[in-house]
Structures are given as C-alpha cells and as structure tokens.
Amino acid sequence: MDVERKIMEILSRASGLAVADITPDAKLADLNMESLEKLECVLSLEDALQVEIKENDLWRLKTVQDIVDSVRRAMPSPA
C-alpha cells in the first residue's frame, strides 16, 4: 500500500482539492483545513491505515509532510 498516496486521497476529500494540487510541503491551513477538519482527517487516516497517531503528534501537524511522517511513525515496523 502506498501510504503517501492514501494520505493524499484522504486530504483531497477533506479539502475539496485535487490530489495533484496537494504537495508534501503544503500547509494544512492552505488546504482550508482548520482544527476540526484536521481532526476528522486524522481519524479517517487512522481508520483507513489501521494506525493510531499520538495526541502529542496531532497538535504538531502543520503540513502534509508532517502527516505523512506521523503516520509512518505510527505504523508497525516490518519484522
């Protein structure tokens, strides 16, 4: 599964922007995502990718890359 692609798809649905318009360095505020939208997006990501993002990480999410990094940290390490 391409984690970054899945994240971009969920962000696309949440923001109403095309996946192609979402870049890793894009700020969530520029994607029209305020606190509530960000929380809903994280919950969707957790459900879709079967991960749990730590609450400490949640408040640090400012860019798309922050979300990608946080999800990757939450994923189990391959054995």
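Where is T63 found relative to helix 3 (55-58) and helix 4? T63 is found in the loop between these two helices, and point 6 comes back to this residue. Here are some friendly notes to read beside the model.

1. Ground rules. This is a predicted model, in which local features need pLDDT of at least 70 and side-chain atom pairs count only at pLDDT 80 or more, while totals for chains, interfaces and linings use all residues. Residues are numbered from 1 along each chain as its sequence is written, and side-chain values use heavy atoms, with hydrogens and water left out.

2. Overall fold. The protein has four helices and zero strands (helices are DSSP runs of H or I with at least four residues, strands are runs of E with at least two, and both are numbered from the N terminus). Along the sequence the pattern reads α-α-α-α. The radius of gyration is 12 Å, close to the 12 Å that the globule rule gives for 79 residues, so the protein is as compact as a globular protein of that length. That radius is taken over C-alpha atoms, and the globule rule is 2.2 Å times the number of residues to the power 0.38. Taken along the principal axes, the C-alpha atoms fill a box of roughly 35 × 25 × 20 Å.

3. Of the 79 residues, 37% count as buried (buried means under 20% relative accessible area, exposed over 50%, and partly exposed in between, with a 1.4 Å probe and protein chains only). The accessible surface comes to about 5,100 Å², and 48% of this belongs to carbon and sulfur atoms; the areas come from the Shrake-Rupley method with a 1.4 Å probe, and for residues only the protein chains shown count as cover. There are 10 positive and 16 negative side chains, with the centres of the two sets 3 Å apart. Here Lys and Arg count as positive and Asp and Glu as negative, leaving out His and the chain ends, and each charge is placed at NZ of Lys, CZ of Arg, CG of Asp or CD of Glu. Among contacts (heavy atoms within 4.5 Å) between residues at least 6 apart in sequence, 51% join residues at least 24 apart.

4. The nonpolar core. In soluble globular proteins, nonpolar side chains tend to be buried together. A nonpolar core here is a set of buried Ala, Val, Leu, Ile, Met, Phe, Trp, Tyr and Cys residues joined through side-chain atoms within 4.5 Å. The largest one has 22 residues, of which I7, L11, L45, V64, I67 and V71 touch the most other members. Helix 1 (3-15), helix 2 (35-49) and helix 4 (64-74) each supply at least two residues of this core, and helix 1 gives the most, with five.

5. Setting aside residues up to four places away in sequence, I67 touches I7, L11, L28, L45 and L61. V71 lies in helix 4 and is buried, with a relative accessible area of 0%. With that sequence exclusion, V71 touches V3, I7, L45, L49, V51 and I53. The C-alpha atoms of V71 and V42 are separated by 9.1 Å, although the two are 29 residues apart along the chain.

6. T63 counts as buried at 17% relative accessibility. Leaving aside neighbours within four places in sequence, T63 is in contact with P24, D25, A26, K27 and L28. S12, in helix 1, is also buried, with a relative accessible area of 14%. Beyond neighbours within four places in sequence, S12 is in contact with L17, A18, V19 and I22.

7. Partly exposed helix positions. R5 lies in helix 1 and is partly exposed, with a relative accessible area of 43%. The C-alpha atoms of R5 and V68 are 63 residues apart along the chain and separated by 9.7 Å. A48, in helix 2, is partly exposed at 35% relative accessible area. Not counting residues up to four places away in sequence, A48 touches K6 and I10, and the C-alpha atoms of A48 and I10 are separated by 9.1 Å.

8. Which loops hold N32 and Q50? N32 is in the loop between helix 1 and helix 2, and Q50 is in the loop between helix 2 and helix 3. Phi of N32 is near 60°, a positive value in a residue other than glycine; phi of Q50 is near 55°, again a positive value in a residue other than glycine. N32 counts as exposed at 56% relative accessibility, and Q50 is exposed at 63%.
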